[in-house]
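Have the model open beside the sequence.

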Amino acid sequence: MVLAQLGGSISRALQQMSNATIIDEKVLNECLNEITRALLQADVQFKLVRDMTTNIKKIVNLDDLAAGHNKRRIIQQAVFNELCKILDPGKPSFTPKKGKPSVVMFVGLQGSGKTTTCTKYAYYHQKKGWKPALVCADTFRAGAFDQLKQNATKAKIPFYGSYTESDPVKIAVDGVETFKKENCDLIIVDTSGRHKQEAALFEEMRQVAEATKPDLVIFVMDSSIGQAAFDQAQAFKQSVAVGAVIVTKMDGHAKGGGALSAVAATKSPVIFIGTGEHMDEFEVFDVKPFVSRLLG
Ligand code: GDP
């Protein structure tokens, strides 16, 4: 995965700095320039990168560090902390409770991996003893209901949808009601997508959210969309109360930097990542181990 290259480049920049005999302003700047280059190449938004290096410079005030201080350690720690800070919006997302009915609405563009991710999310919880259910409120894409039905059947998860009803709000409401009556504790609503950000899509998301009152809205983003991540995530956040992000296709050639931008745009944490097409290729996302792994 290309994300490893990002980690490799940052680690190399830190290593080069460590190899220097004296760590002065010039060495620090060279190190930060290398890190900036690596992050921009990984499609992290320019402003985030600039803020991060500014913060590191503020924390690592070389003039004020007494001779005894381990400057290398301080710089390394500052880089680690700043990367964690970008990925950690500071507040956890709403976490559904087993046995208590929660409605979770998934939003994202077509092709982001939304339908696949809905099933992965349901399957993950089912294995832990939950009673999940899937509602297909995607009336835009032909075949969406069949895809969800197929996935749900494979995972033995109850599903709801319609071949004839064209109003996604009605389907979403009926589906949620049906599964509440059946005492499902995790009612997952899959919604329509479009190829690009369109006013009609955002209006539809707003209406589905208003009618179903989800406890959590999850924004699903394809990790390979690169620099477009920030704007896309922000556009969804402006129409519905996005509370968490799932980044898909982390197994592919994605540069991964989009995840950092999506967190910044939605001020919501990444909770899972998709690492393949199969139902169980799905991992819980934790910031610190992720950044540690990134930096090797
Ligand atoms: P939707 O239009 O957003 O509902 O997207 P789909 O769920 O139909 O997914 C689009 C394509 O991406 C499908 O071919 C999925 O198998 C694939 N996909 C979804 N998540 C992942 C992932 O984490 N890794 C890989 N490699 N493919 C994925």
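Helices here are DSSP runs of H or I with at least four residues, and they are numbered from the N terminus. The model is predicted.

Start at the ligand. Which helix gives the largest share of the shell around the ligand? Helix α5, residues 114-127, does, with 4 residues. The shell counts 17 residues around the ligand. G111, K114, T115, T116 and D251 come nearest.

Now look at the backbone around the ligand. A polar backbone atom of L109 lies 3.5 Å from a ligand oxygen. T275 places a backbone N or O atom 3.5 Å from an oxygen of the ligand. For G276, the distance between a polar backbone atom and a ligand oxygen is 3.3 Å. How much of the ligand does the protein cover? On its own, the ligand has 580 Å² of accessible area, and the protein covers 81% of that.

Next, find D185. This residue sits in the loop that runs between α7 (168-181) and β4 (186-191). D185 is buried, yet it has no salt bridge. Where is the nearest side chain of opposite charge? K98 carries it, 7.2 Å away. A salt bridge needs a side-chain nitrogen of Lys or Arg within 4 Å of a carboxyl oxygen of Asp or Glu. What does the side chain of D185 reach at 2.7 Å? The backbone nitrogen of K131. Leave aside the neighbours within four places in sequence, and D185 is in contact with K98, G99, K100, P101 and S102, and also with W130, K131 and P132.

Move on to Q45. Look for it in the loop between α2 (25-41) and α3 (46-59). Is Q45 buried or exposed? Its relative accessible area is 19%, so Q45 is buried. The cut-off for buried is under 20%. Residues up to four places away in sequence are not counted in the next list. Q45 touches Q227, F230 and S261.

Finish with S9, in helix α1 (residues 3-19). S9 has a relative accessible area of 21%, and therefore is partly exposed. Partly exposed covers the range between the buried limit, under 20%, and the exposed limit, over 50%. Now trace from S9 to R37. The two are 28 residues apart in sequence. In space, C-alpha to C-alpha, S9 and R37 are 8.9 Å apart.

Definitions and conventions
Residues numbered from 1 in each chain as written. Predicted model: local features only at pLDDT ≥ 70, side-chain atom pairs only at ≥ 80, totals over all residues. Heavy atoms only, no water. Helix = DSSP H or I, 4+ residues; strand = E, 2+ residues; numbered from the N terminus. Buried < 20%, exposed > 50% of the residue type's maximum accessible area, 1.4 Å probe, protein only. Lys, Arg positive; Asp, Glu negative; His and termini not counted. Polar contact = N/O pair within 3.5 Å; in protein donor to acceptor, adjacent residues only side chain to side chain. Contact = heavy atoms within 4.5 Å. Near = heavy atom within 4 Å. Areas by Shrake-Rupley, 256 points an atom, 1.4 Å probe, with all protein chains shown as cover.
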